[in-house]
Amino acid sequence: MTSRLLRQLLRSAWPNPSIDRLLRAALLADTAAAAAAWRDFEASADFDHLTPGEMRLIGLVARRLAVLAPDSPMRARIGGIERANWSRSQLAIGEAGSGLRALAGAAIDMLVIKGASRAAAGDAAARGRMVNDVDIVVRPEAMERAFDLL
């Protein structure tokens with residue numbers, strides 16, 4: 001029973017073939033293998049109906065497309081998707097500003113973590129990363145006050 005449940009969990013946690021191809025295109029150090037993964041993705045993808053997961057990963061692949069697929073007819077479209085993801089991220093970060101200012105105004109120490117912190121710091125590795133929310137950490141003794149403010 002346990003091994004069957006574990007197999008089911010592992011199967012459901014593994015990325016589908018489309019996501020797997022995008023991950024390989026974005027992350028493989030072997031440029032030829034990454035380019036093959038991109039070609040496989042591009043040949044099978046419906047660019048008019050990308051899943052949210054594909055949209056998130058497209059931005060990570062975009063920075064490599066000049067090398068992986070310099071002649072791809074989809075390069076301009078991928079650049080547009082990357083810019084749209086960046087715009088959505090900026091909107092999310094901007095919307096969080098009022099909450100962050102409220103916490104700062106109440107002298108509540110906070111730490112912005114994950115994608116928003118990388119984007120705010122201007123981290124080049126954050127390029128292509130989509131930020132939908134802003135994660136923060138506050139000290140345990142300030143948690144109730146922080147919840148009340150937000």
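A salt bridge is here a side-chain nitrogen of Lys or Arg within 4 Å of a carboxyl oxygen of Asp or Glu. This tour of a predicted model begins with the whole chain and then turns to individual pairs that meet that criterion.

**The whole chain**

Display the chain as a cartoon and colour it by secondary structure.

Of the 150 residues, 32% are buried. Among contacts with a separation of 6 or more, 62% join residues 24 or more positions apart.

Then select the charged side chains. There are 20 positive and 17 negative ones, and the centres of the two sets lie 4 Å apart. The whole structure contains four salt bridges; the following stops visit some of them.

**First stop: D48 and R77**

Select D48 and R77 and show their side chains. The closest N and O atoms of this salt bridge are 2.7 Å apart. D48 belongs to the loop between α3 (31-44) and α4 (52-62), whereas R77 belongs to helix α6 (residues 75-105), so the bridge ties together parts that are 29 residues apart in sequence. D48 is exposed, at a relative accessible area of 55%, while R77 is partly exposed at 36%.

**Second stop: R139 and D109**

Move to R139, which forms a salt bridge with D109 through N and O atoms 3.4 Å apart at their closest. Both residues sit in loops: R139 between β2 (135-138) and α8 (143-149), and D109 between α6 and β1 (110-113), so the pair ties together parts that are 30 residues apart in sequence. R139 is partly exposed, with a relative accessible area of 48%, and D109 is also partly exposed, at 47%.

Finally, select K114 and D135. Their salt bridge has its closest N and O atoms 3.4 Å apart. K114 is in helix α7 (residues 114-120) and D135 in strand β2, so this pair links a helix to a strand across 21 residues of sequence. D135 is partly exposed, at 22% relative accessibility.

Methods. Residues numbered from 1 in each chain as written. Predicted model: local features only at pLDDT ≥ 70, side-chain atom pairs only at ≥ 80, totals over all residues. Heavy atoms only, no water. Buried < 20%, exposed > 50% of the residue type's maximum accessible area, 1.4 Å probe, protein only. Contact = heavy atoms within 4.5 Å. Lys, Arg positive; Asp, Glu negative; His and termini not counted. Charge placed at Lys NZ, Arg CZ, Asp CG, Glu CD. Helix = DSSP H or I, 4+ residues; strand = E, 2+ residues; numbered from the N terminus.
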